[in-house]
Amino acid sequence: MKQIVFILTLLLAAPVLRAQTDTLPGPVGDTAVTCGNGGGRQLSLHLGVQAGAKFNLTSHTPYDAPYSLLLQIPFVGKFPLPIERMTAIGGLRYDFEWSPLRYSVTPADGGGLAFQTTPTTGRQTAIMFHSYLGLTGEVQWQAVPSNHRVLRLSLDYYLAYDVSRYLTIRNRDARTTYFGTQTSTSRTVVESSDPMFQPWKLEIGLTAATDVLGIIHGVRFFTNLLPTYIDPASGEKIYTSGMMIYF
């Protein structure tokens, strides 16, 4: 519950952060430092915060997460390219990602997850958490050179290591007794040492960004070329792809 409140607070704060600072040509509220002599092309450094939601293409596996909530902290450099309207962006980015699972699951013997088959009268909430640190690179094209806020198109990659990862499973069971309805809650944590977790990510994406639509500042289509999970029992590789909306 605390994580959900924290995410909602960040989403609400994102437009405020944007309004208080300059904007990087992309869906990022940030502060910038420019390096150069004032003439020609200049390198500018940007530290920002951006929030968004991923809508994942899904499959019928215990690892299925139809959506994810993200908080990203990029520290990047921006450099105009010799080609008109094009800019190169690159640097470091830290991602925090919360992914609620679709199905009721249980930790499997030997690692990984299995569908819960035991009949239950309660409710389960299972959330995957990932914390990635990695390198990001982007080539961006501006539709209107004099105003980068109108429309920007970009190709990007994100090569990152999953520095923190775990799964929390909360089961809330409701039972009717002689004294009325009683509830009990249990919590299980699957740690990062579980063999289902794959530590590396190589994500590529295509983004259309604008600052004229209000709360939505960009749409990104992405795919991870490396598996996010590998099921220890079957050896099945689970990949992640879909669409992300920036706020």
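**The aromatic cluster and its surroundings**

Modeller: Tyr63, Phe197 and Tyr229 form one aromatic cluster. Rings of Phe, Tyr and Trp (its six-membered ring) pair if their centres lie within 6.5 Å; planes under 30 degrees apart are stacked, over 60 edge-to-face, and the rest tilted.

The model is predicted, so local features need pLDDT of at least 70 and side-chain atom pairs pLDDT 80 or more, while totals for chains, interfaces and linings use all residues. Numbering starts from 1 along each chain as its sequence is written, and side-chain values use heavy atoms, without hydrogens or water.

Buried means under 20% relative accessible area, exposed over 50%, and partly exposed in between (1.4 Å probe, protein chains only). Strands here are DSSP runs of E, at least two residues long, numbered from the N terminus.

Take Leu101 next. It touches Tyr63, and its other contacts include Pro62, Asp64, Leu113, Met128 and Leu167, leaving out residues up to four places away in sequence. Contact means heavy atoms within 4.5 Å.

Asp64, one of those contacts, carries a charge pairing. Arg102 forms a salt bridge with Asp64, with the closest N and O atoms 2.9 Å apart. A salt bridge needs a side-chain nitrogen of Lys or Arg within 4 Å of a carboxyl oxygen of Asp or Glu. Arg102 is in the loop between β5 (86–100) and β6 (105–107), and Asp64 in the loop between β3 and β4, so the bridge ties together parts 38 residues apart in sequence. Asp64 is buried at 5% relative accessibility. Arg102 is partly exposed at 43%.

The salt bridges come to nine. Glu203 bridges Lys201, with N and O at 3.6 Å. Glu203 also takes Arg220, at 2.8 Å. Arg220 lies in β12 (residues 218–224) and Glu203 in β11 (residues 200–209), so this pair ties together parts 17 residues apart in sequence. Both Arg220 and Glu203 are buried. Shared partners join Lys54, Glu97, Asp156, Lys201, Glu203 and Arg220 into one network.

Lys54 brings us back to rings. It lies over the face of Phe222, 4.5 Å from the ring centre. The test is NZ of Lys or CZ of Arg within 6 Å of the ring centre and within 35 degrees of the ring normal. Arg93 sits likewise over Tyr158, at 3.8 Å.

Now the ring pairs. There are seven in the structure. Tyr94 and Phe96 have centres 4.9 Å apart and planes at 15 degrees, so they are stacked. Tyr94 is partly exposed at 28%, as is Phe96 at 23%. Phe129 and Tyr166 have centres 5.1 Å apart and planes at 35 degrees, so that pair is tilted. Phe129 lies in β8 (residues 123–142) and Tyr166 in β9 (residues 152–177), so the pair ties together parts 37 residues apart in sequence. Phe129 is buried at 10%, whereas Tyr166 is partly exposed at 23%.

Technical notes:
Helix = DSSP H or I, 4+ residues; strand = E, 2+ residues; numbered from the N terminus.
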